[in-house]
Amino acid sequence: MKLYPTLIWIFTIGAFVFLFFSLRTESNQLIYSLVALGLWGVAFLLNKFKPGEKEKET
């Protein structure tokens, strides 16, 4: 599917943006960091569990 790579990139870029915000602001630094971690986690899970792809056993 073409949707999943796009979503993975959107969540990854969003994670970097929120990480940048967390490094630049003094207030709400923890919240921005947790949002960045959550977005990265969603991107990681989307990348790991793509539908239609089976894991190869080595």
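Student: Why is Asn 28 called partly exposed in this predicted model?

Tutor: The relative accessible area of Asn 28 is 46%. Buried means under 20% and exposed means over 50%, with partly exposed in between. The value of 46% lies between these cut-offs, so Asn 28 is partly exposed.

Student: Where is Asn 28 found, and what is noted about its phi?

Tutor: Asn 28 is found in the loop between H1 and H2. Phi of Asn 28 is near 60 degrees, which is a positive value in a residue other than glycine.

Student: Why are H1 and H2 called roughly antiparallel?

Tutor: Helix H1 covers residues 3–24 and helix H2 covers residues 29–48, and they pack at an angle of about 160 degrees. Angles over 145 degrees count as roughly antiparallel. The angle of about 160 degrees is over that cut-off, and H1 and H2 are therefore roughly antiparallel to each other.

Student: How far apart are the axes of the two helices, and in which crossing does H1 pass H2?

Tutor: The axes of H1 and H2 are 8 Å apart. The crossing in which H1 passes H2 is left-handed.

Student: Which residues of H1 and H2 meet?

Tutor: Among those in H1 are Tyr 4, Phe 11, Thr 12, Phe 18 and Ser 22, while those in H2 include Gln 29, Tyr 32, Ser 33, Trp 40 and Leu 46. The residues of this contact divide into 17 nonpolar, 6 polar and no charged.

Student: What makes Ser 22 buried?

Tutor: Ser 22, in helix H1, has a relative accessible area of 1%. Buried means under 20%, so Ser 22 is buried.

Student: What makes the pair Ser 22 and Ser 33 a polar contact?

Tutor: The contact joins the side chain of Ser 22 to the side chain of Ser 33, at 3.5 Å. A polar contact requires a pair of N or O atoms within 3.5 Å, so the value of 3.5 Å meets the distance limit. Not counting residues up to four places away in sequence, Ser 22 touches Gln 29, Tyr 32 and Ser 33.

Student: How do you know whether Thr 12 and Pro 5 are buried or partly exposed?

Tutor: Thr 12, in helix H1, has a relative accessible area of 19%. That value is under 20%, so Thr 12 is buried. Pro 5, also found in helix H1, has a relative accessible area of 34%. This value lies between 20% and 50%, so Pro 5 is partly exposed.

Student: How many residues apart in sequence are Pro 5 and Leu 46?

Tutor: Pro 5 and Leu 46 are 41 residues apart in sequence and 8.6 Å apart in space, C-alpha to C-alpha.

Definitions and conventions. Residues are numbered from 1 along each chain as its sequence is written. This is a predicted model: local features need pLDDT of at least 70, side-chain atom pairs count only at pLDDT 80 or more; totals for chains, interfaces and linings use all residues. Side-chain values use heavy atoms; hydrogens and water are left out. Axes are lines fitted to C-alpha atoms, for helices over the stretch in contact, and angles run from 0 to 180 degrees between N-to-C directions. Helices (H or I, at least four residues) and strands (E, at least two) are DSSP runs, numbered from the N terminus. Angles under 35 degrees count as roughly parallel, over 145 as roughly antiparallel, 65 to 115 as roughly perpendicular and the rest as oblique. A crossing is left-handed if the near helix is turned anticlockwise from the far one by less than a right angle, and right-handed if clockwise. Contact means heavy atoms within 4.5 Å. Ala, Val, Leu, Ile, Met, Phe, Trp, Tyr, Cys and Pro count as nonpolar, Asp, Glu, Lys and Arg as charged, and the others, Gly among them, as polar. Buried means under 20% relative accessible area, exposed over 50%, partly exposed in between (1.4 Å probe, protein chains only). A polar contact is a pair of N or O atoms within 3.5 Å; within protein, one must be able to donate a hydrogen and the other to accept it, and residues adjacent in sequence count only if both atoms are side-chain atoms.
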